[in-house]
Amino acid sequence: MRWTRTFIPTLKEDPSDAEIASHKLMVRAGLMRKLTSGVYTYLPLGLRAVKKVERIVREEMDRAGALETLMPILHPAELWKESGRWDVYGKELFRPVDRHDRPHALGPTHEEVITDLVRREIRSYRELPVTFYQIQTKFRDEIRPRFGVVRAREFTMKDAYSFHPDEQSLRETYMAMHAAYTAVFRRCGLHFTAVEADSGAIGGDYTHEFMVLAGAGESEVVSCGCGYSATLERAETAPVRPEAGPQSAAAMEKVSTPGMKTAEEVASFLGKPTSSLIKTLLYDAQGETVAALIPGDRELNEAKLRHMLRVDAVTMADPERILEVTGGPMGFSGPVGLEGVRLVADSRVEFMHNCVVGANEQDCHYVNANLGRDFEAAQFGDLVVAREGDPCVRCGKPVSIQRGIEVGQIFELGTKYSKSMKAHYLDQAGQERDFVMGCYGIGITRTVAAVIEQSHDNNGIVWPASVAPYHIEVLPLNVNDEPTMRLAEEVYESLTASGYETLLDDRDQRPGFKFKDADLIGLPFRVVIGEKALGEGKVEVRNRKTGETTKIPPDRLLEKMAALLPEEVREGRAHN
């Protein structure tokens, strides 16, 4: 492709709304342009990179035995109501209404649609297992779109869904998909890790996220040297037992705490450490009001609470409900005398003594409240957000927290959708059974951003060859010099005929301007043709990643490029 015949509108300055490197560079290098908040147009250079990732994903999905389909973006609300997610998914679900006032959803994911298809078409265990996948546009009404395509409202995703007769069959496909995802991200040139994760609104009990470690990532990964790693939503850490033995239980006393609502305010007012308080947080768990007890210096992890209660969603109780249940206003709730509400507690609460708790009364708290004497909890478990230095749940050593970008996630769904949507097959005995399901997603456009986030420098993008829009840029320094351009054309034609995706910068611009653009768009190799090198009978080959420049005769260029970009790289088959 000739630069003058394509469209690569590079920019010198960073866009004002861009916060991270990938967002800045995708705009500056002419890969995309913003239409509105969280919605982007992909320009020719950007679309080529997206298609490279799609190709890698298709090859690995096909190799894993998945069958490509294409499902509608527009979903009738009835399907989502069947699964129970119409009310659970939340405001991220776009809900258009057609001219007949029928509600629909713009698909953020396609579990309902594929389950509807399979329940209509597959009836026998003999047709199982089967896995379908698609590469499709998705829509999620993010509350705060940011970081370019890392958190966008419209994006391209590969989603796959598998159907099985039993859990063993599901686990086999799950592991095959784990291997396929590993191959995809290796081929994209990414440094990544697979971590235990929370399933969120998708559902299921067993899931892994594929996380690209990057300082600008929105996700946080908790890890330990023993090999344990999980997302912050999922990560469990062990409680620390006090070194001293159990304290004697002092007499509980009600004290006045006028206007003190937060744990920090109450602790400061009473002259006690925040860790001596127990927060009592009231939640609605799909119709049941539950009180969660956690230490005053920790934050509740709602995903863990949801898992403990085995519900699809939990939401904080509103002030009216808190007053109705506790008899006191928000900010003064406590477990003592709290009736008609299930109390669950973080495991750390078991080791707390003579605590400060809300008195369920305006401007009042109890001091010296003790578990077992003054209140009870129905269930204990890890309910708090993990933090740096917490003991690892497996080995007890301190954990660390790093930031990352989630590029893929795989789920064991079980019968969550087949049961609610009455999707059955006939087993060997002729009995109806619920399909056992799995689902598997890769953010295609997010993967492009993750590649750039990991592979860039101060001058621009540094593309891995497998996903670069082009392999080589041919850069003549003076397009008005006839010998220079004659050789540039010959080199361009020769490289293209040999299977290299080549961009010829045939613009009539200053060399310095073209060099800056070349570094900005970041193609793996650059062939510079100038009068000085021509006088020596050579061209310059520059490696964008290493910065190494080599002068070679033009007739050795194909040999050189074959060593740098072997055939399997050119054909997209290399595992970087």
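Colleague: Where does proline 129 lie?

Modeller: Proline 129 lies in the loop between helix 4 (111–121) and strand 6 (130–139). Helices (H or I, at least four residues) and strands (E, at least two) are DSSP runs, numbered from the N terminus. A cis peptide bond, with omega about 0°, joins leucine 128 to proline 129. This is a predicted model, in which local features need pLDDT of at least 70 and side-chain atom pairs count only at pLDDT 80 or more, while totals for chains, interfaces and linings use all residues. Residues are numbered from 1 along each chain as its sequence is written, and side-chain values use heavy atoms, with hydrogens and water left out.

Colleague: Why does phenylalanine 147 count as buried?

Modeller: Buried means under 20% relative accessible area, exposed over 50% and partly exposed in between (1.4 Å probe, protein chains only). Phenylalanine 147 has 9% relative accessibility, so it counts as buried. Phenylalanine 147 is in the loop between strand 6 and strand 7 (154–164), and has a positive phi of about 60° although it is not a glycine.

Colleague: What makes asparagine 360 buried?

Modeller: Its relative accessible area is 11%, and asparagine 360 is therefore buried. Asparagine 360 lies in the loop between strand 17 (355–358) and strand 18 (364–369). Its phi is near 55°, a positive value in a residue other than glycine.

Colleague: Why is the pair of phenylalanine 185 and phenylalanine 210 called tilted?

Modeller: Rings of Phe, Tyr and Trp (its six-membered ring) pair if their centres lie within 6.5 Å; planes under 30 degrees apart count as stacked, over 60 as edge-to-face and the rest as tilted. Here the centres are 5.8 Å apart and the planes stand at 40°, so the pair is tilted. The pair links distant parts of the chain, 25 residues apart: phenylalanine 185 in helix 5 (residues 167–187) and phenylalanine 210 in strand 9 (residues 206–213). Both phenylalanine 185 and phenylalanine 210 are buried.

Colleague: How do you know how helix 1 and helix 10 are oriented to each other?

Modeller: The axes of helix 1 (residues 21–28) and helix 10 (residues 444–454) come within 8 Å and cross at roughly 105°. Axes are lines fitted to C-alpha atoms, for helices over the stretch in contact (heavy atoms within 4.5 Å), and angles run from 0 to 180 degrees between N-to-C directions. Angles under 35 degrees count as roughly parallel, over 145 as roughly antiparallel, 65 to 115 as roughly perpendicular and the rest as oblique. Helix 1 and helix 10 are therefore roughly perpendicular to each other.
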